Amino acid sequence: MIKDYNFRLEKIEEYLYTILPKQKDTTWAAQTADITADHFGKSFLEYICNINIPLLDLLERGGKRWRPMLMLLLYEIKNSDIAKIIPLTPLVELGHNGSLIVDDIEDNSELRRGKPAIHILHGVDMSINSANFLYFLAYDSIEKSDFDDALKFSFYRYYTKAMKRLHVGQGLDIQWHNNHSFFPKEDEYYQMCRVKTGALSRLAAEIALSASGAASEEIYEVGRACEEMGVGFQIIDDVINLTKGNPGKKRGDDIIEGKKSLPVILFCEDKGDVKELVSCFRDAASIDTEKRDTAVERAIALLEKNNSIEKAKAKALDIIEKSAKTIESKYEDSIARKLILSVFDSFKIA
């Protein structure tokens with residue numbers, strides 16, 4: 001299983017860097033800017049290549065790559081030849097990475113994947129521009145794929161819808177964490193996660209299944225299951241943040257950012273001491289490091305005492321299990337199905 005997974009992961013990694021070259025490539029620069037290379041000097045074209053520097057920095061730090069893997073495996077369930085879908089896999093990974101750079105700027109995050117956040121190293125202005133550039137560079141995945149124009153058009157529509165939904169979700173999240181006294185309802189939180197985190201996992205399914213010729217009913221059903229899986233993933237991510245801490249980030253930095261994660265929402269709905277929790281959020285926003293760190297631990301202690309973190313984890317596991325059962329019941333046993341279910345299982349570890 002591990003060997004099978006790694007083989008596919010290597011293919012995904014290789015193709016990511018055909019869309020986003022590691023080395024300065026003036027031919028790529030001219031094509032990307034839609035200019036004639038002969039009319040410009042090499043140094044000018046290298047300035048275009050420099051737009052990639054912040055993006056490569058983040059991409060080369062690694063990542064789970066589960067979104068492109070999900071796309072590949074769902075296609076493989078219905079088609080044994082994965083070579084045709086691989087050119088489309090950067091679509092979900094590049095869009096995701098662009099959103100991470102912008103997200104860290106919006107949240108004033110200090111770390112991403114174990115190193116200083118991209119905007120800290122490369123500047124806010126260049127980071128915003130490069131991240132936005134990445135959203136559109138992802139379209140090259142569609143252009144370079146070997147599908148007919150009608151399918152390519154559907155891929156564009158799916159991608160545009162997903163990115164629009166992702167930004168709606170992020171907009172909700174920003175408003176909620178900027179208002180320390182406001183706590184969304186549990187259902188509202190799930191819907192925010194569906195559009196913010198679930199949009200790209202649903203996109204992976206929609207692209208894979210439409211590319212494989214699946215019927216619209218199947219695309220919708222499996223797409224929704226993958227969207228819900230994204231919700232479960234987000235909740236587990238929230239739980240890890242408040243327990244052992246996410247890899248490459250500080251434990252409890254969601255408290256510093258004022259995030260209204262599911263453990264926080266359940267705490268409020270269970271009639272926890274909301275006034276004290278709001279006080280923790282406000283103190284955690286302090287520039288005083290000691291005051292901030294103390295506030296984070298106070299908030300986590302409140303959530304632990306009320307068992308809100310464990311309750312959130314249980315809800316996440318239930319969501320992930322239901323999503324996995326959709327895949328399990330929909331498709332016959334195969335290596336691809338086994339690998340998809342192993343991706344789902346990996347989210348259950350918190």
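Buried means under 20% relative accessible area, exposed means over 50%, and partly exposed lies in between (1.4 Å probe, protein chains only). The model is a predicted one, in which local features need pLDDT of at least 70 and side-chain atom pairs count only at pLDDT 80 or more, whereas totals for chains, interfaces and linings use all residues. Residues are numbered from 1 along each chain as its sequence is written, and side-chain values use heavy atoms, with hydrogens and water left out.

**Exercise 1.** Determine which residue forms a salt bridge with Arg337, and classify both partners by accessibility.

Solution. Step 1: a salt bridge requires a side-chain nitrogen of Lys or Arg within 4 Å of a carboxyl oxygen of Asp or Glu. Step 2: the partner of Arg337 is Asp333, with 3.7 Å between the closest N and O atoms. Step 3: Arg337 is buried because its relative accessible area is 13%. Step 4: Asp333, at 51%, counts as exposed.

**Exercise 2.** Locate Lys259 and Asp107 in the chain and state whether each is buried or exposed.

Solution. Step 1: the closest N and O atoms of this salt bridge are 3.4 Å apart. Step 2: the pair links distant parts of the chain, 152 residues apart, with Lys259 in the loop between α14 (253-257) and α15 (262-269) and Asp107 in the loop between α6 (90-106) and β1 (111-112). Helices (H or I, at least four residues) and strands (E, at least two) are DSSP runs, numbered from the N terminus. Step 3: Lys259 has a relative accessible area of 11% and is therefore buried; Asp107, at 8%, is also buried.

**Exercise 3.** Describe the placement and accessibility of the salt-bridged pair Asp318 and Lys322.

Solution. Step 1: the N to O distance is 3.3 Å. Step 2: both residues belong to helix α18 (residues 308-330), four residues apart, or about one turn of the helix. Step 3: Asp318 is partly exposed at 38%, while Lys322 is exposed at 53%.

**Exercise 4.** Characterise the surroundings of Glu76.

Solution. Step 1: Glu76 lies in helix α5 (residues 66-78). Step 2: its relative accessibility is 13%, so Glu76 is buried. Step 3: beyond neighbours within four places in sequence, Glu76 is in contact (heavy atoms within 4.5 Å) with Arg8, Ile82 and Ala336.

**Exercise 5.** State how many salt bridges the structure holds, and which residues form a network of them.

Solution. Step 1: the count is 28 salt bridges. Step 2: the linked residues are Lys161, Arg165, Arg202, Glu206, Arg224 and Glu227.

Terms used
Polar contact = N/O pair within 3.5 Å; in protein donor to acceptor, adjacent residues only side chain to side chain.
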